[in-house]
Amino acid sequence: MTSTACFIIVSRNDIPIYEAEVGSAAKREDAAQLHQFVLHAALDIVQDLAWTTSAMFLKAIDRFNDLVVSVYVTAGHTRFMLLHDSRNEDGIKSFFQEVHELYIKILLNPLYLPGSRITSSHFDTKVRALARKYL
Amino acid sequence: MDPKVLKHYLLVHDNQDGDSEKATKILTEMRSTFGPNDCQLLCINFSQDGQTRHKDTPWSTFRSDALATEHLGRFLKLDDLNEIKNLMQELSSKHIIPYMEQKIRLLNQQVSSTRKGFRNQFKNLWWRKGKEDALDTTNGPVYTFSSIESQIRVLGDYAFMLRDYELAVSSYRLISTDYKLDKAWKRYAGVQEMIGLTYFMLDQSRKEAEYCMENAFNTYLKLGSAVQQNATRCGLWWIEMLKTRNQIKEAATVYFRICGEDLLHSAVMLEQASFCYLLSKPPMLHKYGFHLVLSGDHYKKCDQIKHAIRTYRNAVSVYRGTTWNLIKDRVHFHIGQWYASLGMYDVAVTHMLEILASSHQSKTSQELFLRDFLHIVQKTGKTFEVLKLQLPVINISSLKVIFEDHRTYASPAAASIKEGVWRSLEEDMIPSLFAKSNWLDVQSKLIPRKYKESNICVAGEAIIVDIEFKNPLQIPISILNVSLICELSANPEELNSEANSSNVEPQNDEYKTSTSTGDINSSLVLSEVDFSLEGGETILVQLTVTPRVEGILTIVGVKWKLSSSVVGLHNFESNSVNKRIAKGRRKPKHSPSADLKFIVIKSLPRLQGFIPSLPEKTYAGDLRHLVLELNNQSKFPVKNLKMKISNPRFLNAGNQSYLNVEFSACLEKKLNVEQSVGHANAKKMLQNVFHFPEDISVQEETSLSWPLWFHAAVPGNISLYITVYYEMENVSSIMKFRTLRMHYNLQVLPSLDVSFELSPCPSRLEEFLLRMDVVNKTSSECFQIHQLSSVGQQWDVSLLQPVDSILPSQSLFAGQVLSCFFMLKYHRKSSTSEDSNPLFLQSDVRLGPPGNSEALFDVCSSPLADFHDYERLYQGMSCQGNVDFVFITQLWRGNIDSGAPHRPLLFSHHVCHCSLSSFSPISWFVDGPRTIQHNFSASPCGVNLKMTINNSSDAASSVHVKTFDPPSSNSQSIDATASQSGLPLENQVGWFSIPAVNDTKVITTDALAKRITKSVSLESAPQFIWTGSSSTKLKLQPRATAEVPLQICVFAPGIYDLSNYALNWNLAPIEESQGEANKSSGECQGYPYYLTVVQST
């Protein structure tokens, strides 16, 4: 388990539809802000990189000081972004893949409007469980 | 430093200071001192008056930031400039360059002799190795200017300056390895930097150039803050290289890396980095914003607040409209704070407003935001009127306007009922003239067309606006002075004057805005509400506006005070698209803006009505007497009252004479005199609308009471809608009538479950056995049974056994079940011929305690008869041959005394249409001798029987009597035995058939009939045959009886069961179809009929 990990799902329109601080470190106000800033800034890099590879997992694409941003881009160009300070690439990859499955289940819900905020508490608990497992 | 550096002495003389003689004197002195060739004189500023104007500053091409306004070089003439130029050219071409060339030659010679070639290299390496352990300082060894390393460096630099890059690179490379070996890192980095630059100038091997720059940069960084400036310089060179090659993105990262501990330095670099991101293609706006924010933070830390604000403001343009809330909040909050610290409170407030309703933030930051905001607002010392203040949030879709035009409401609950419900209720009561106005309508001419679009309200009557406020924060906030913003144009003449020119818009300048709430003289009265909202709470606020004069009223919006100095405004019109108006009229062109516009007309009478003692909760069957109170508060009387009740099964209007009667006594049976009156009334009641008598009018400031009857017919949640229509007297207005709408909800709990079962009596025609099952379904109540009455066609009900034997106490306790048996007899019509209305015949059975002389209740007069009619209507279609029962109970007396004042007293349960439709419409019985003595030796015995068939249905039917011989039916009946033997016996309580000789009591459902068939047929051999016609067909008219002769022939003495015949019947279809419940044809097995034949001697 990493001390800092911020997971965020960004919709195709650059709108965050799910946010979770999954790190073990104690929550701090400005840390959350910084995480958002770093992740938001990394969107530019994702934009560049997403079309250069056919893989969904883009690995670590950006860094700010000791924080690394790993990104996974789904076929619908929804981006899973993870801000972390560990170097566990395999774990992160598995984490993204499992979250992708969860996300597809959310998409299958006929009442979920794609691109809208994910409010399902079930999804939230699952993601946090996955974070504990892999990160 | 090489002391033998090239020296050249220049004397500059300004002509404005004096003559040139002094200068020449000094020059000769200089020449004598420094040597004649190295000294020179430059005279400038020959201009006399300093008025020489140059098109642009002479140095503008060299210094971009030199300002033209400074009038630099005012005294310089064109000659001066030329002379300066010449001097410089001469200096460089005649002195500097030759010197450098000479120096390069010299150094090159020197270097190649000592360092070039394999031998020298090897020697050098060995020599340095030996030196390694001697010097170990961080800066490496100290090199003097004469040392070979310095010489090489100088050679490289000269070569670089003279653009001999090849030579420069080779020298630098040579020296860099030396520095590296000597661990002279700073010098090494410097040389690397130069190599990078040289490569860049050569414009070849870009990789190499970048590698060298990075190497140099990293080496500088390793050396720490002492060489920070070198690092910065190196980084800037590098950035420039990248920029020239359009690698702007990379340049940005280098800027980021340059950032050090110095805050201001970092801030500048970060800002530059952000610009690089902006300029890169495609522009990386996210990065741009992020670096601007970082830079702004650094500026702030070193107190450069204005710079910080500048960068943040740029960032705002990136983050505008973003949904990344934390980012947006931070940016706006900091800008707000910083503006406030600069004293620019107005701008600060606009930024703080953005973050006021940030619901996603934690409680502490919400508190912080709100506190800072209020603090800033206070400092401005002004009252802010903020349009669309987000605190609290107004749920515009909850906006509901309740107003009363001709439709008035007795309670808020009534107003919330859908208009459609009322409309359908009032449909046949309101004059169609008003309800459906068309273009021919006289009425419509009175109101200009555009006013028909808006709504009408009455002066002095409040318009209620319901709106929801929601606190998006987790901290409580208190809201003060919530009120509506309304405009009232006070020109009542407009109504008339504009009647002919309806398309003229009302003049805007005539509007006067009335926002002062406390002003009594104002033409508007607005209500003010104060409330406080807990975190996340939603409150529905009811605001009212009461116009006092005629005119046109427009509800513009709502306003409130967040603290003492922040006024929030919300304009309803601005987003009227989402608005839902509860009482909007159905018009083809329904413009939402018109919903908030009202025409105020002269004050009118308004009735208030209520039913004081209507229970909210009661038991099914409850029958009681209520009073409707109508109040008229105005000065004008109203007349022509009409009333309609949505659910007449539960509530209907009574006769005025019932107003003050004592309840339950008035229901008791009286002499027949009154009955006809009750009937006449009841007939009228079945109409939908109840007309109050013509002479009734509600005078000014009086009230009218009117009796109502209430009967809780079925359990459930019941909504009662009552509309009272009235017309105004002596009021000349466009409104001729109004309606008062009342709405009540009540809960009816199940009480007694009464069911009846009828079985035809097989031995007698037109007599039925009646079983009544009563279950007390309440949890605590105790009912005292009182009477059972049958209402219907000529039915006579009588007790089969005294009630005492079943229910000694005459009380049904909670959960108790009672079964009772009655005999029901059908009367011929002749007996009731004198009565005009057969429906309201009744026959009662008193079920009360014996010796109780309480009067029976009159089921045939109002209101029981009225309710009974409705029950008949609701409990299904009426077909002939049905019996209705009314079962009346009272609450046990013991309960009544202790109970609440509104206890129900009397319960009536109506069970209608207990029909025989489930049985076959054909009934018959076989008549004949039971015992016969016969001498079989003489002849077989012939027995004559008579079958009487009765058609109890309304349709003509054809009946087919078939007889068949015993053997064929034998196996069938055994089968029947097998299948029927498992029948549950509980149906037989008191009712089981004994094949008695005299009287066969048979339960005549088909199944039971079959069961009896089998009981004796086991051993019987076919000892008789049917003689005569084996099948008879006949037609039976409705309600007719026919007789069919039957004959059997018996061959031996014995006991015979003559049940092996069947009746097929077929009903002729009647015109009005009766639904599927009625069978149109069927077959019945014969009843057992035992015949004993004895051998006579």
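**Reading salt bridges and an interface in a predicted model**

Tutor: Start with one pair in this predicted model: B:Asp773 and B:Arg771 form a salt bridge through their side chains, with N and O 3.1 Å apart.

Student: Are B:Asp773 and B:Arg771 buried or exposed?

Tutor: The general idea is that a residue counts as buried under 20% relative accessible area. B:Asp773 is buried because its value is 15%. B:Arg771, at 19%, is buried too.

Student: How many salt bridges does the structure hold over all chains?

Tutor: There are 18. One of them joins B:Glu271 to B:Arg310, where the closest N and O atoms are 2.3 Å apart. This pair links distant parts of the chain: B:Glu271 is in helix H10 (residues 263–279) and B:Arg310 in helix H12 (residues 305–319) of chain B, 39 residues apart.

Student: What is the accessibility of B:Glu271 and of B:Arg310?

Tutor: B:Glu271 has a relative accessible area of 5%, so it is buried. B:Arg310 reaches 33% and therefore counts as partly exposed.

Student: Which parts of chain B does the salt bridge of B:Asp753 and B:Lys777 tie together?

Tutor: The side chains of B:Asp753 and B:Lys777 meet at 3.4 Å, N to O. B:Asp753 belongs to strand E25 (residues 752–760) of chain B, while B:Lys777 sits in the loop between strand E26 (767–776) and strand E27 (783–792), so the bridge ties together parts 24 residues apart in sequence. B:Asp753 is partly exposed, with a relative accessible area of 35%.

Student: What area is buried between chain A and chain B?

Tutor: About 2000 Å², with carbon and sulfur atoms giving 65% of it. A:Phe37, A:His40 and A:Asp44 supply 34% of the area that chain A buries against chain B, more than any other three residues. In terms of contacts, 21 residues of chain A meet 21 residues of chain B.

Student: How many salt bridges and polar contacts cross the interface of chain A and chain B?

Tutor: The rule finds two salt bridges across the interface, including A:Asp48 with B:Lys249, the closest N and O atoms being 3.1 Å apart. Nine residue pairs are in polar contact there, both residues at pLDDT 80 or more. Strand E1 (5–10), helix H1 (29–49) and strand E3 (57–64) of chain A each supply at least two residues of the side that touches chain B. The largest share, 13 residues, comes from H1(A).

Key: Residues are numbered from 1 along each chain as its sequence is written. Chains are lettered from A and ligands numbered from 1 in the order in which they are written. This is a predicted model: local features need pLDDT of at least 70, side-chain atom pairs count only at pLDDT 80 or more; totals for chains, interfaces and linings use all residues. Side-chain values use heavy atoms; hydrogens and water are left out. A salt bridge is a side-chain nitrogen of Lys or Arg within 4 Å of a carboxyl oxygen of Asp or Glu. Helices (H or I, at least four residues) and strands (E, at least two) are DSSP runs, numbered from the N terminus. Buried means under 20% relative accessible area, exposed over 50%, partly exposed in between (1.4 Å probe, protein chains only). Contact means heavy atoms within 4.5 Å. Buried area is the accessible area (1.4 Å probe) that two parts lose on being put together, summed over both. A polar contact is a pair of N or O atoms within 3.5 Å; within protein, one must be able to donate a hydrogen and the other to accept it, and residues adjacent in sequence count only if both atoms are side-chain atoms.
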